[in-house]
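Grab a pencil and work through these exercises with the model open beside you. Each task is followed by a solution in steps.

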Amino acid sequence: MNVLVKLLQFSIVLGMIYPVYYLWETDRIKSACQQIEPGLSYDDIVLNLQQSGLKLKQMRGDYTQGEKWQALIESHASFRGYGCEVRGVGKQIAGSRIVKGQQIAP
């Protein structure tokens, strides 16, 4: 019985904290995505993201070889998938957009 009470208490606390964490995380990603503009350099974006505690993941393509590439800044708080898709060519950013409920396109 004591374990059940502690589990219920934990669930209530988690239910109160999770929405705040979700809003904080998604707002942070949205703000970072809005700052990414076409023409900026890859290195500048990576540096700005590191200062915000974010990083590019799921990189497709090789920017060091001058190829087209895309990457995702993803939220750890979202169960359905929320992130910022960043695309570029070589070391230049081509654009970014918020994606919800999906992974980056091939």
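**Exercise 1. Find the residues that make the nonpolar surface patch of about 680 Å².**

Step 1. The patch is made by Met1, Leu4, Val5, Leu7, Phe10 and Leu14. To join a patch, a residue needs over 30% relative accessible area and no salt bridge; nonpolar side chains (Val, Leu, Ile, Met, Phe, Trp, Tyr) are joined within 5 Å, like charges within 9 Å. Areas are Shrake-Rupley values with a 1.4 Å probe, and for residues only the protein chains shown count as cover.

Step 2. Now take leucine 14, which sits in helix 1. Its relative accessibility is 47%, so leucine 14 counts as partly exposed (buried is under 20% relative accessible area, exposed over 50%, partly exposed in between, with a 1.4 Å probe and protein chains only).

Before going on, some housekeeping: this is a predicted model, where local features need pLDDT of at least 70 and side-chain atom pairs count only at pLDDT 80 or more, while totals for chains, interfaces and linings use all residues. Residues are numbered from 1 along each chain as its sequence is written, and side-chain values use heavy atoms, with hydrogens and water left out.

**Exercise 2. Work out the strand order of the sheet and what packs on it.**

Step 1. Four strands make an open, antiparallel sheet, ordered 1-2-3-4. Strands are DSSP runs of E with at least two residues, helices runs of H or I with at least four, numbered from the N terminus; two strands pair if DSSP finds at least two bridges between them.

Step 2. Look at the edges: strand 1 (57-60) and strand 4 (92-100) each have a single partner strand, so one side of each has no neighbour in the sheet. On average, neighbouring strands are turned by 15 degrees against each other, direction ignored.

Step 3. Zoom in on strand 1, which pairs with strand 2 (residues 68-74) over two bridges, in the antiparallel sense. Lysine 57 has leucine 72 of strand 2 as its bridge partner.

**Exercise 3. Is glutamate 25 buried or exposed, and which side chain does it meet in a salt bridge?**

Step 1. Glutamate 25 belongs to helix 1 (residues 2-35), and with 1% relative accessibility it counts as buried.

Step 2. Skip its neighbours within four places in sequence, and glutamate 25 contacts Glu74, Ser75, His76 and Ala77.

Step 3. Its salt-bridge partner is arginine 28, at 3.1 Å, N to O (a side-chain nitrogen of Lys or Arg within 4 Å of a carboxyl oxygen of Asp or Glu).

**Exercise 4. How many salt bridges does the whole structure have, and what does arginine 97 pair with?**

Step 1. The search finds four.

Step 2. Arginine 97 pairs with glutamate 85, the closest N and O atoms being 2.8 Å apart. Arginine 97 is in strand 4 and glutamate 85 in strand 3, so the pair ties together parts 12 residues apart in sequence.

Step 3. Shared partners join Glu85, Arg87 and Arg97 into one salt-bridge network.

Notes. Contact = heavy atoms within 4.5 Å. Axes fitted to C-alpha atoms, helices over the stretch in contact; angles between N-to-C directions.
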